[in-house]
Amino acid sequence: MANRDVEHLIDMLYDLVNDAKNAPLSSEKCIIDRDAALDLLDEIRAGLPAELKRAQDLIQAKEDYVNSAKREVGRMMQKAEIDAKSKVSDSEVLMAARERGHEIIARAEDRSNEMYRVVNEYTEDALRRTEEAIQAALDEVKESRVKFRAASAARRQKDREELSKSAKNNAKNPDENL
């Protein structure tokens with residue numbers, strides 16, 4: 001029985017009561033056809049369980065739909081939370097990677113600076129030792145040159161003295177040379 005049928009039966013019962021004649025000496029009481037009223041009430045009673053069942057089914061369907069929607073919203077919220085945590089985690093990983101990258105770069109720069117310092121010290125030391133060796137060699141060459149000049153001058157002096165003696169001897173004894 002449709003919802004409209006029950007409503008129609010109730011309307012008919014209302015009309016039956018409304019159109020009934022007043023009871024003698026009372027404006028609040030009326031006389032109605034008992035069989036007609038009972039028949040309408042029986043039909044309403046017969047129609048109500050179907051209507052109530054239909055209403056209960058609609059309420060249950062609504063509750064099922066609401067529960068399903070709540071579950072779906074719950075799943076969506078969980079997924080959103082997981083996605084948010086993942087993004088936060090990805091962001092944290094990215095931040096940690098950037099920090100690690102900065103640390104690696106800083107260590108590489110420190111190491112490069114240290115290597116540059118060590119290479120400069122080594123090169124400076126090698127050049128200083130080379131300069132000292134060259135200076136020592138130059139000093140030795142200068143000393144050798146001084147000794148050579150002194151030896152050469154001494155040799156020339158000796159040769160001059162010998163020539164001079166020889167010339168004096170020749171002048172004293174001119175006949176000996178012949």
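Predicted model: local features only at pLDDT ≥ 70, side-chain atom pairs only at ≥ 80, totals over all residues.
Reader: Which range of relative accessible area counts as partly exposed?

Author: Buried means under 20% relative accessible area and exposed means over 50%, with partly exposed in between (1.4 Å probe, protein chains only). Across the 178 residues of the protein chain, 6% count as buried.

Reader: With which residue does the side chain of Glu121 meet in a salt bridge?

Author: The general idea is that side chains of opposite charge can pair when their charged atoms come close. The rule here asks for a side-chain nitrogen of Lys or Arg within 4 Å of a carboxyl oxygen of Asp or Glu. Glu121 meets Arg117 in this way, at 2.4 Å from N to O. Arg117 is partly exposed too, at 36% relative accessibility.

Reader: How many residues apart are Arg117 and Glu121 in helix 2?

Author: They are 4 residues apart, about one turn of the helix. Helices are DSSP runs (H or I, at least four residues), as are strands (E, at least two), and both are numbered from the N terminus. Helix 2 covers residues 34-172.

Reader: How many salt bridges does the rule give?

Author: The count comes to 10. Among them is the pair Glu72 and Arg75, at 2.7 Å from N to O. These two sit 3 residues apart in helix 2, so about one helical turn separates them. Another joins Asp125 to Arg128, with the closest N and O atoms 2.1 Å apart. Asp125 and Arg128 are also in helix 2, 3 residues apart. Through shared partners, salt bridges join Asp125, Arg128, Arg129 and Glu132 into one network.

Reader: Let's zoom out. What is the radius of gyration of the protein chain?

Author: The radius of gyration is taken over C-alpha atoms, and the globule rule is 2.2 Å times the number of residues to the power 0.38. A compact globule of 178 residues would come near 16 Å, but the protein chain has 66 Å. Its C-alpha atoms fill a box of roughly 210 × 30 × 15 Å along the principal axes.

Reader: In what order do the elements run?

Author: From the N terminus on, they run α-β-β-α, made up of 2 helices and 2 strands.

Definitions and conventions:
Residues numbered from 1 in each chain as written. Heavy atoms only, no water.
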